[in-house]
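Me: Hi! Could you walk me through this one before I set anything up?
Reply: Happy to. Here it is.

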Amino acid sequence: MIKNFAIICVTFFLFGFKNGKTSPPLHKLIADTGKVPEIRILPAKPLVEKDIRGYYLNFDISIKNQTTHTLELSSMEMSVLDIAGKLETRKFLNRNGRSPGIEVLGNVLIKPGETISIFNPFYSLPPDISMTSMKYGFFFDFADTQQQRDNNHQRLPIDYDLAAIKAFKPEIYVAKTEFWLPLKGKLIVWDGHDFLSHHRRFPISVPDKQGKVIAANSNRYAYDFMSVDLSGSMYHGSPLKKENWYVFGQPVYAPADGKVIEVQNDIPDNEFNGKVVKSPNVPPAADPLGMGNHVIIDHGNGEFSVLLHLEKGSVRLHRGEMVKEGQEIGSVGFSGDAIYPHLHYTVMNGAREQAAEGVPSYFNDYKLYRGSAVLPIKRSRIDSGDIIESDK
């Protein structure tokens with residue numbers, strides 16, 4: 001009897017969500033809920049990467065508590081609809097099972113007036129999905145007291161106080177520029193833009209300690225490149241000496257034709273002081289964003305390459321200069337906000353790193369290493385953990 005009742009409840013809930021409605025909670029709502037939470041998808045039209053293995057969704061979700069209650073995000077779900085509005089797939093994240101469940105998103109407790117930023121947990125889909133439109137459901141419990149919070153963890157996913165539904169249409173991004181890898185030799189994508197990457201961990205729309213709000217993430221599709229030896233090691237000897245990292249001092253090449261619009265070349269490289277990175281004493285205005293020595297290239301079609309953490313004095317280009325794909329532009333250093341020597345590379349849709357949004361990039365003519373297998377790639381995406389080498 002109990003089992004049948006549970007099946008009926010779940011069926012009723014899913015039917016309601018499918019039709020854009022939310023089922024009523026299993027208990028009486030607390031009075032004076034105020035407004036429903038404000039849900040924003042950032043960027044407003046999410047871009048989708050695609051390769052032979054499927055689709056990849058990289059966007060932020062901003063939730064502002066406009067109610068008079070402290071809210072706890074108890075569950076999320078995603079539906080993908082085809083062109084006829086028929087359901088193709090649905091994914092869930094809630095408290096079911098042992099912790100962590102929904103807690104993998106980070107802070108899910110929102111006080112009145114507060115905003116939290118979370119990262120889309122449903123980040124990959126199989127290649128046979130049409131990706132016409134998407135619908136996300138967010139379900140909240142009141143959490144004004146510790147007793148409420150404790151009780152919330154005993155509640156079923158279909159038992160919630162407030163719900164908000166957000167529908168949108170993603171856009172499969174087709175890069176306009178033909179890109180080649182900016183380094184030669186065997187490389188590892190030490191950090192890319194997958195769900196666990198630090199490039200994604202950026203609280204869009206949430207005020208910082210100074211009250212500033214950043215509205216874009218230019219590193220949304222960024223890569224940190226490291227050179228590796230045949231065994232996959234990134235350094236020899238002690239890693240606490242920058243020269244022991246294989247990538248340090250390696251030539252950096254322009255990934256595509258374009259015009260140089262920004263150059264920084266005189267920031268001293270960091271050093272290791274024991275197990276601590278020692279940054280040089282430079283005026284705050286000299287490197288306010290921690291980019292270190294860098295080059296930004298305008299490819300003329302709304303795509304801008306950014307190459308960061310270059311070695312002091314190595315940059316061979318000047319602002320306004322035209323550069324050709326494959327032209328040497330400098331060498332990998334240890335400048336700026338870096339904990340190891342590496343090349344940070346990203347493509348963005350504007351000229352200002354702190355204001356532009358990152359966009360996907362696809363690379364031509366490289367080898368992808370999978371253990372003993374070497375796969376020739378004509379053009380595809382790369383991401384964290386990939387071991388690659390340019391064919392040019």
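**Strands, rings and confidence**

Reply: Let's start with the strands of this predicted model. Strand E1 (residues 38-42) pairs with E4 in the antiparallel sense, over five bridges.

Me: Which residue stands opposite Ile 61 in E4?
Reply: That is Ile 41.

Me: And what about strand E8, how many bridges join E4 to it?
Reply: Five, and E4 and E8 (residues 115-119) run antiparallel. One of the pairings there has Ile 63 with Ile 116 in E8 as its bridge partner.

Me: Is E4 largely enclosed or left open, and why?
Reply: Largely enclosed by the rest of the structure, because four of the five residues of E4 (residues 60-64) are buried.

Me: Switching to aromatics. How many pairs are there?
Reply: The count comes to 16 aromatic pairs. Ring pairs also link a cluster made of Phe 59, Phe 122, Tyr 136, Phe 138 and Phe 168.

Me: Nice. Which rings have a lysine charge over them?
Reply: Tyr 55 is one of them: the charged end of Lys 50 sits over its ring, 5.3 Å from the centre. Tyr 369 is another, with the charged end of Lys 186 at 4.3 Å from the ring centre.

Me: Last topic: what is the average pLDDT?
Reply: The protein averages 89, and 90% of the residues score at least 70.

Me: Where does pLDDT stay under 50?
Reply: Over residues 1-33, for which the model has 51 contacts beyond four places in sequence. Where pLDDT is low, the predicted coordinates should not be read in detail.

Conventions
Residues numbered from 1 in each chain as written. Predicted model: local features only at pLDDT ≥ 70, side-chain atom pairs only at ≥ 80, totals over all residues. Heavy atoms only, no water. pLDDT = per-residue confidence, 0-100. Contact = heavy atoms within 4.5 Å. Phe/Tyr/Trp six-rings, centres within 6.5 Å; stacked < 30°, edge-to-face > 60°. Lys NZ or Arg CZ within 6 Å of the ring centre and 35° of its normal. Buried < 20%, exposed > 50% of the residue type's maximum accessible area, 1.4 Å probe, protein only. Helix = DSSP H or I, 4+ residues; strand = E, 2+ residues; numbered from the N terminus. Pairing = 2+ DSSP bridges.
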